[in-house]
Amino acid sequence: MFFASDNGAGATPAVLNALIKANDGYRAAYGNDDETREVENLISALFEKQCYVFLVSTGTAANALALSALTPPWGAVLAHKHAHIVEDECGAPEFYMHGARLIPIDGVAGKLTASGVEQAISSYSPRVPHAMPLKAISLTQSTETGGVYSVKEVTEICAIAKNAGLYTHMDGARFGNAIAALGCSPADLTWRAGVDVLSFGATKGGALACEAVVFFNEALAEDFIYRRKRGGHLISKHRLLTAQMKGYLEDWLVNAKHANDMATMMAKGLQDKGIKIAYPVEANEVFPVLNGKQDAALKAAGASYYPWGDKESLVKPQDDKNIFRLVTSFATKREEVEAFLRHT
Ligand SMILES: Cc1ncc(COP(=O)(O)O)c(C=O)c1O
């Protein structure tokens, strides 16, 4: 009954097989190998456009480096106040942006809204040269609270951003879960909707440690080879990073759909027992409101998950109840969900 994080799962067989294959023999180091070009082309084909692709080994590096390409050191980046880049990356975005600032803004149930973004931009005072000019906005897809922005929502937010001269970054640590949930094309959810750069996560979906920074605009990617190297994220045995992405892309949507299905099954089972869920379940996370007795019984039975706290939740916990986070993954077994439900 492991629901603490999708990072708790290992790697998929496709990723491990790709690694074993790529391990054989020698290749040029630092990404100067044919397989890396092949994976770059695969990603361009997936997004139906020439993309500028840079592999790194953590989601934090992908986000922080991507954002650093969107703003000068005196700029500012809007993001949801509970976004991973705001709360969970120990200042890495600000570090890589050389002083540029993240400006946290409100959303609804963990998601930015077009009207909220419009309001944040219009109420920001550009006191030249005293205030930091807004340069970009970042969206998380799927969100930190298991929600998914529709293509329409992404398009609206990107249009508002573009109108104000801002670039859009998408933190897609769980991009696969969003695509599996929406059933749309990766192109429709990104560059066709106005996204300039995507942190395309593979780790949570079954790689060991691999994410791609995907630029849809050549000019923004111009200096990125230097940013990645200078930031210490150009992996010397790069082909082994490439192999992970290649293996991941073999069955990423099947795996993401499985993770989403397990979350849906969990949410339905909990609701059938009268347990409230704090956010809409649209991807691979479920946030049940449990009382102390239920929490203790689940922990005693060996269930693993974390408390979450009340972050723009739609259900306000009362008495001895609290919101907890359950995350499913490609590795989650139906029996684990059934066992969790039996103990609640
Ligand atoms: C939404 C989101 N973005 C980025 C990351 C960062 O990934 P990493 O832990 O690989 O740096 C995470 C990890 O939990 C995440 O949930």
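Analyst: A strand here is a DSSP run of type E with at least two residues, numbered from the N terminus. The model is a predicted one. His 80 sits in strand S2, which covers residues 76-80.

User: Why is His 80 called buried?

Analyst: Buried means under 20% relative accessible area. His 80 has 5% relative accessibility, so His 80 counts as buried.

User: What makes the link between the side chains of His 80 and Glu 312 a polar contact?

Analyst: The cut-off for a pair of N or O atoms is 3.5 Å. The side chains of His 80 and Glu 312 are joined at 2.9 Å. A polar atom of the His 80 side chain also lies 2.9 Å from the backbone nitrogen of His 82. Beyond neighbours within four places in sequence, His 80 is in contact with several residues, among them Val 86, Ile 105, Asp 106 and Ser 138.

User: Why are H8 and H12 called roughly perpendicular?

Analyst: Angles of 65 to 115 degrees count as roughly perpendicular. The axes of H8 (residues 175-182) and H12 (residues 238-272) cross at roughly 70° and come within 8 Å. H8 and H12 are therefore roughly perpendicular to each other. Their crossing is right-handed.

User: Which residues of H8 and H12 meet?

Analyst: On the H8 side they include Phe 175, Ile 179 and Ala 180, and on the H12 side Tyr 248, Trp 252 and Lys 257. The residues of this contact divide into 9 nonpolar, 3 polar and 1 charged.

Key
Residues numbered from 1 in each chain as written. Predicted model: local features only at pLDDT ≥ 70, side-chain atom pairs only at ≥ 80, totals over all residues. Heavy atoms only, no water. Helix = DSSP H or I, 4+ residues; strand = E, 2+ residues; numbered from the N terminus. Buried < 20%, exposed > 50% of the residue type's maximum accessible area, 1.4 Å probe, protein only. Polar contact = N/O pair within 3.5 Å; in protein donor to acceptor, adjacent residues only side chain to side chain. Contact = heavy atoms within 4.5 Å. Axes fitted to C-alpha atoms, helices over the stretch in contact; angles between N-to-C directions. Parallel < 35°, antiparallel > 145°, perpendicular 65-115°, else oblique. Left-handed = near helix turned anticlockwise from the far one by under 90°. Nonpolar A, V, L, I, M, F, W, Y, C, P; charged D, E, K, R; others polar.
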